[in-house]
Amino acid sequence: MPPRPPHRRRRRVRPLVAVGAAAVGFVLALTIQARPPSTEARLPRNYQLAALIERRQRDTVALRRDVQALRRRVGALSTAAPERQVDASQRKAALDSALLAAGLVPMRGAGLKVTLDDSQLEEPPSGDVNDLVVHSQDVQAVVNALWRAGAEALAINGQRLVSTSAVLC
């Protein structure tokens, strides 16, 4: 038999190299999966339990330190509580006053309802058409009169008025 040309030998070697590389990769993957993730996992169960107990004891000591620090902080805060209660009551009074001034507190009690409507006349007696309709300055004049008379709260069309509200057309 005559010797084969070199290019035919290469064609047979390539599939063998690929199969060999795949086999090596498979064996490597099995080896990596079969190995325990940590050295502690390879220890006997008694040693694993001992290590777990030691970790938990360290955690317990750290938590006890945290509890003591928190108790000291609670003690310091509770001794300052009477001062804070006085300060809190002053803040609450200021907040209630601000809520009332902002119109955020619902009001109850006796009230007065004022209705302003445009005139039913077709011809103004004065000759000025503006005399037949309600203008924003008319509404503003009623609002100012009610405030001066001692009104505690005002609303126009369901919208609460406060000291900074503007009555616009």
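The lining of the largest pocket divides into 21 nonpolar, six polar and three charged residues, where Ala, Val, Leu, Ile, Met, Phe, Trp, Tyr, Cys and Pro count as nonpolar, Asp, Glu, Lys and Arg as charged, and the others, Gly among them, as polar. The structure is a predicted model, in which local features need pLDDT of at least 70 and side-chain atom pairs count only at pLDDT 80 or more, while totals for chains, interfaces and linings use all residues. Residues are numbered from 1 along each chain as its sequence is written, and side-chain values use heavy atoms, with hydrogens and water left out.

The protein chain contains four helices and two strands, these being DSSP runs numbered from the N terminus (helices H or I, at least four residues; strands E, at least two). Along the sequence, their pattern is α-α-α-α-β-β. Of the 169 residues of the protein chain, 7% count as buried; buried means under 20% relative accessible area, exposed over 50%, and partly exposed in between (1.4 Å probe, protein chains only).

The largest pocket has a volume of about 960 Å³. A pocket is an open set of points, on a 1 Å grid over the protein atoms alone, where a 1.4 Å probe fits, with protein on both sides within 12 Å along at least five of seven lines. The volume is the space filled by probe spheres set on the points, and grid points are joined across faces, edges and corners. The lining of the largest pocket comprises 30 residues, a lining residue having an atom within 4 Å of a point. Nearest the centre of this pocket lie Leu-112, Leu-146, Leu-154, Ala-155 and Ile-156. Helix 4 (136-148) and strand 1 (154-156) each supply at least two residues of the lining, and the largest share, five residues, comes from helix 4.

Gly-103 is found in the loop between helix 3 and helix 4 and is buried, with a relative accessible area of 15%. Asn-157, by contrast, is exposed at 78%. This residue lies in the loop between strand 1 and strand 2 (159-161), and has a positive phi of about 50 degrees although it is not a glycine.

The salt bridges come next. A salt bridge is a side-chain nitrogen of Lys or Arg within 4 Å of a carboxyl oxygen of Asp or Glu, and by this rule the count comes to two. One joins the side chains of Arg-56 and Asp-59 (3.5 Å, N to O). Both residues lie in helix 2 (residues 45-79), three residues apart, about one turn of the helix; Asp-59 is partly exposed, at 38% relative accessibility. Another joins the side chains of Lys-92 and Asp-96 (3.3 Å, N to O). Because Lys-92 and Asp-96 are four residues apart in helix 3 (residues 81-101), about one helical turn separates them. Lys-92 counts as exposed at 51% relative accessibility, whereas Asp-96 counts as partly exposed at 36%.

On the surface, Val-24, Leu-28 and Ile-32 form a nonpolar patch with about 300 Å² of accessible area together. Patches are made of residues with over 30% relative accessible area and no salt bridge; like charges are joined within 9 Å, and nonpolar side chains (Val, Leu, Ile, Met, Phe, Trp, Tyr) within 5 Å. Accessible areas come from the Shrake-Rupley method with a 1.4 Å probe, and for residues only the protein chains shown count as cover. Val-24 is found in helix 1 (residues 6-34) and is exposed, with a relative accessible area of 52%.
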